[in-house]
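Welcome! Please take a moment to look over the sequence and the 3D view before reading on.

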Amino acid sequence: QLVESGGGLVQAGGSLRLSCAASGFTLKQYSIAWFREVPGQEREGVLCFDRRDGSTNYADFVKGRFTMSRDNAEKTAYLQMNSLNLEDTAVYYCAAGYYCRGFRGYEIDYWGQGTQVSVSS
């Protein structure tokens, strides 16, 4: 399973770092994607690290603000979110899958439980 942490309430312009820890496996063989979901809307891709070529693709609305990293043991992935704005309020999900198409992950094997990020004015 994937266990997420790090969500919370932050003021606009602030930063948060989300963690996504793998339990019982490593992320070494997986592409890693982050999604977000607002109630009443479809879950949307935020970024995707493609294991096949080592590239990371970002949705336009997070480019230059969000970055993804992994620890050396490849047990935990992180989503660093800077310059947060009101539109970033959502539940954020990490996912371990087989490939990316652009900034979305596909053939997902594992999902995190989701963590709420709320941005206030």
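The report below goes from the overall fold to the disulfides, the aromatic rings and one threonine.

## The chain as a whole

What you see is a predicted model. The protein chain has eleven strands and zero helices, so its elements, read from the N terminus, simply run β-β-β-β-β-β-β-β-β-β-β. With a radius of gyration of 13 Å, close to the 14 Å that the globule rule gives for 121 residues, the protein chain is as compact as a globular protein of that length. The C-alpha trace spans about 40 × 30 × 25 Å along its principal axes.

How much of the protein chain is buried? Of its 121 residues, 42% are buried. The accessible surface of the protein chain is about 6,000 Å², and carbon and sulfur atoms account for 46% of that surface. If you look at contacts between residues at least 6 apart in sequence, 57% of them join residues at least 24 apart.

## Two disulfides

Two disulfides are found here. One of them is formed by C20 and C94, whose sulfur atoms are 2.1 Å apart. The torsion about their S-S bond is about 75°, which makes this disulfide right-handed. It links distant parts of the chain: C20 sits in strand β3 (residues 16-22) and C94 in strand β9 (residues 90-101), 74 residues apart. Are these cysteines buried or exposed? C20 is buried at 1% relative accessibility, and C94 is buried too, at 0%.

Another disulfide joins C48 to C100, with an S to S distance of 1.9 Å. Here the S-S torsion is -75°, and the link is left-handed. This pair also links distant parts of the chain, with C48 in strand β5 (residues 44-50) and C100 in strand β9, 52 residues apart. Both C48 and C100 are buried. Counting bonded cysteines along the chain, the disulfides follow the pattern 1-3, 2-4.

## Aromatic rings

Now for the rings. A pair of aromatic rings is described by the distance of the centres and the angle of the planes. The whole structure holds seven aromatic pairs. Among them is the edge-to-face pair of Y30 and Y110, at 5.9 Å centre to centre and with 85° between the planes. Because Y30 lies in the loop between β3 and β4 (31-37) and Y110 in strand β10 (residues 104-111), this pair ties together parts that are 80 residues apart in sequence. Y30 is buried, with a relative accessible area of 6%, while Y110 is partly exposed at 28%.

Y93 and W111 form an aromatic pair as well, edge-to-face at 6.4 Å centre to centre and 90° between the planes. Y93 is in strand β9 and W111 in strand β10, so the pair ties together parts that are 18 residues apart in sequence. Y93 is buried, with a relative accessible area of 15%, and W111 is partly exposed at 36%. Ring pairs also link F25, Y30, Y98 and Y110 into a cluster.

## A look at T115

T115 is found in strand β11 (residues 115-120). Its relative accessible area is 10%, so T115 counts as buried. Which residues does T115 contact, leaving aside its neighbours within four places in sequence? They are E4, S5, G6, G7, L18, A90, V91 and Y92.

For G7, there is a further detail: its backbone nitrogen lies 3.2 Å from a polar atom of the T115 side chain. T115 and Y93 are 22 residues apart in sequence, and their C-alpha atoms are 6.7 Å apart in space.

Methods
Residues numbered from 1 in each chain as written. Predicted model: local features only at pLDDT ≥ 70, side-chain atom pairs only at ≥ 80, totals over all residues. Heavy atoms only, no water. Disulfide = S-S within 2.5 Å. Helix = DSSP H or I, 4+ residues; strand = E, 2+ residues; numbered from the N terminus. Buried < 20%, exposed > 50% of the residue type's maximum accessible area, 1.4 Å probe, protein only. Contact = heavy atoms within 4.5 Å. Polar contact = N/O pair within 3.5 Å; in protein donor to acceptor, adjacent residues only side chain to side chain. Rg over C-alpha atoms; globule rule 2.2 N^0.38 Å. Areas by Shrake-Rupley, 256 points an atom, 1.4 Å probe, with all protein chains shown as cover. Phe/Tyr/Trp six-rings, centres within 6.5 Å; stacked < 30°, edge-to-face > 60°.
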